[in-house]
Amino acid sequence: MTQNIKIRLGTRRSPLAMVQAEETRNRLCEAHGWELSAVQLVPVTASGDKVQDRPLADIGGKALWTKELDQWLAEGTIDAAVHSLKDVETIRPAELTIAAILPRADKADRLIGAESLAALRPGAVIGTSAPRRAAQALHMRPDCTVVSLRGNVATRLAKLAAGEVDATFLAAAGLDRLGQGTTGHSLDVEHWLPAPAQGAIAVECRTNDAAALAALAALDHAPSRAEVMAERALLLALGGTCHSSIAVLCNLKGQELHMRAALFSPDGAERVEAEARFAAGDAQAPALLAQELLSRASAAITDCFAAS
Ligand SMILES: NCc1[nH]cc(CCC(=O)O)c1CC(=O)O
C-alpha cells in the first residue's frame, strides 16, 4: 500500500501543524479519490519551534517557520509543504508557489483568562509575543503589562494555568482545529482586528512541479485566496516586519473585498485605521490603503516599518 505514495507533504511537528497537515491530506485524498496512504506526512522540527525563550521577532522572524521545509522542497525531499499562512513571509522564493489556500477558518482571536479586555483586573499581566496583540491590548488597557509568552498552543495554555500570566490570546482557528472550541472568549473581529491571513492554511510546492500544482489546485478555495492575498498585499506594501503591529480584516462580499486595517505604535498609545472597498484581484488597492495608513501614522508607528 505504502508503495503508492503520490505526494510527500512536509509539515512542522507541532500538534496544530500536524492537524492542519492531516486536514490537507484528507482533502487531497477526497478530491482525487486516493487512499490516505497516497499522501505521506513528513514532519520537521522547525527552527522557530527550537528557540522558545525569546520573541520570534528577535531571533530571525517568520523565516524560521519555513526554512527547513523550503529546503526540503528545494532538495526534492518533499513535494509540498503545509503552512499557517499567517506565519509565512510576504516575499517567497520564486521557486516556490502557493498552490492552494484551504477554506479559511474563523479569523478571530480568543482571549483566555478573562471574559473580555474590560473584565481584566487593573494592572493585569497579559502574555503574548505578537506585537499586534500586545499593542492592541495596551491600546484598550494601558494599565496592563505585556510579557512575552511563546510556545505552542498547549504550552501557552499551561503557562496561563500555572499563573505565569493573567490572560493570553490565541487564534480561534488554531484552538478549534485542536478540538478546543470552547476555550477562551472570542473577540469581535470588527473591534479586535486579526493578523493578516489569520485562519488560512497554505500549501506550497515547487513552481516547476506541474503534477503537484495540478493535484493541489483542486484544494484551492478562491474566496479565501482573494481575502488573504489582499491582506498579504497590504502587508507587503506596508513593509511590515516582525516588530510592526498590523491588524487587518478583509471580507469578500460578492465580488467586492471590504478591507479595514489598523496600525499601532508598540506601546499601543497610537492607532491609525483606514478602510477600502475594491474588486477581488485588484493589486493596487491594498497598496493605496497602505500608503494612506503610513501617511497618517506618527514616527512611533512608522519606525516599525521598512517602507517608510
Ligand atoms: N503564531 C502562531 C500561529 N500561527 C497560526 C496560528 C493559529 C492558526 C491560524 O491563525 O491560522 C498560531 C497560533 C495563534 O496565533 O494562536
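## A walk from the domain contact to the ligand

Start where two domains touch: 8 residues of domain 2 are in contact with 11 residues of domain 3 (contact is C-beta atoms, placed from the backbone, within 7 Å). On the domain 2 side, the touching residues split into 5 nonpolar, 2 polar and 1 charged. Here Ala, Val, Leu, Ile, Met, Phe, Trp, Tyr, Cys and Pro count as nonpolar, Asp, Glu, Lys and Arg as charged, and the others, Gly among them, as polar.

Before you click on, note that this is a predicted model, where local features need pLDDT of at least 70 and side-chain atom pairs pLDDT 80 or more, while totals for chains, interfaces and linings use all residues. Residues are numbered from 1 along each chain as its sequence is written.

Now colour the domains: domain 1 is 2–102 + 200–220, domain 2 is 109–186 and domain 3 is 232–302, with bounds from an automatic or database domain assignment. The centres of domains 2 and 3, taken over C-alpha atoms, are 24 Å apart.

Next, select 222–238 and 284–296. These are helices α9 and α10, packed at about 45 degrees with axes 8 Å apart (axes are lines fitted to C-alpha atoms over the stretch in contact, and angles run from 0 to 180 degrees between N-to-C directions; helices are DSSP runs of H or I, at least four residues, and strands of E, at least two, numbered from the N terminus). That angle makes α9 oblique to α10, the class left over after under 35 degrees (roughly parallel), over 145 (roughly antiparallel) and 65 to 115 (roughly perpendicular). Show Ala 233 and Leu 234 of α9, which are among the residues meeting an α10 set that includes Leu 289 and Leu 293. The contact holds 11 nonpolar residues, no polar and no charged.

Last stop, the ligand. Around it are Ser 84, Lys 86, Asp 87, Leu 170, Ala 171, Ala 173, Gly 174, Gln 198, Gly 199 and Ala 200, with C-beta atoms, placed from the backbone, within 6 Å. Strand β8 (167–171) and helix α7 (172–177) each supply at least two of the shell residues.
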